[in-house]
Amino acid sequence: RAVPPADAGADDPAHAYVCLCADVSVKDMHRCVEEGHGSLELCKQHTSVTAGPCEARMCGLAALRLMAKATGQSLDQASGRSARVSSAKLGLVPES
């Protein structure tokens, strides 16, 4: 049975890491939010969070949860990604 990852830095945010591959701490993420970067995509550009060798497979959900909690946004809003309409719905390719 799969268990979702715990919130990053829940026990000791001063010494916790969100992204081990890119060496990004919870403190780095909070600093990013304080500087006005209100989405995971923007923080990724400034801290390399989720951009390490694991390509967010290890840290993606924890980083997203931390960003949502720090900004008071939903997970969808905190991701910084817009919803994309499929090519089939636009009529560019036949629906299967």
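## Around Thr-50

Setting aside residues up to four places away in sequence, Thr-50 touches Cys-19, Leu-40, Lys-44, Glu-55, Ala-56, Cys-59, Gly-60 and Ala-63. Keep in mind that this is a predicted model. Thr-50 sits in the loop between α2 and α3. Is Thr-50 buried or exposed? Its relative accessibility is 9%, so Thr-50 counts as buried, the cut-off being under 20%.

## How α1 meets α2

Now for the helix pair. Helix α1 covers residues 26–34 and helix α2 covers residues 40–47; their axes come within 10 Å and cross at roughly 115°. The two helices are therefore roughly perpendicular to each other. As for handedness, α1 passes α2 in a right-handed crossing.

Which residues make the contact? From α1 come Asp-28, Met-29 and Cys-32, while α2 brings Leu-40, Cys-43, His-46 and Thr-47. Sorted by type, that contact has 4 nonpolar residues, 2 polar and 1 charged.

## The nonpolar core

The largest nonpolar core has 18 residues. Val-18, Met-29, Leu-40, Cys-43 and Val-49 are the ones with the most contacts inside it. At least two residues of this core come from each of β1 (17–19), α1, α2 and α3 (60–71). Which element gives the most to this core? That's α3, with 5 residues.

Terms used
Residues are numbered from 1 along each chain as its sequence is written. This is a predicted model: local features need pLDDT of at least 70, side-chain atom pairs count only at pLDDT 80 or more; totals for chains, interfaces and linings use all residues. Side-chain values use heavy atoms; hydrogens and water are left out. Axes are lines fitted to C-alpha atoms, for helices over the stretch in contact, and angles run from 0 to 180 degrees between N-to-C directions. Helices (H or I, at least four residues) and strands (E, at least two) are DSSP runs, numbered from the N terminus. Angles under 35 degrees count as roughly parallel, over 145 as roughly antiparallel, 65 to 115 as roughly perpendicular and the rest as oblique. A crossing is left-handed if the near helix is turned anticlockwise from the far one by less than a right angle, and right-handed if clockwise. Contact means heavy atoms within 4.5 Å. Ala, Val, Leu, Ile, Met, Phe, Trp, Tyr, Cys and Pro count as nonpolar, Asp, Glu, Lys and Arg as charged, and the others, Gly among them, as polar. A nonpolar core is a set of buried Ala, Val, Leu, Ile, Met, Phe, Trp, Tyr and Cys residues joined through side-chain atoms within 4.5 Å. Buried means under 20% relative accessible area, exposed over 50%, partly exposed in between (1.4 Å probe, protein chains only).
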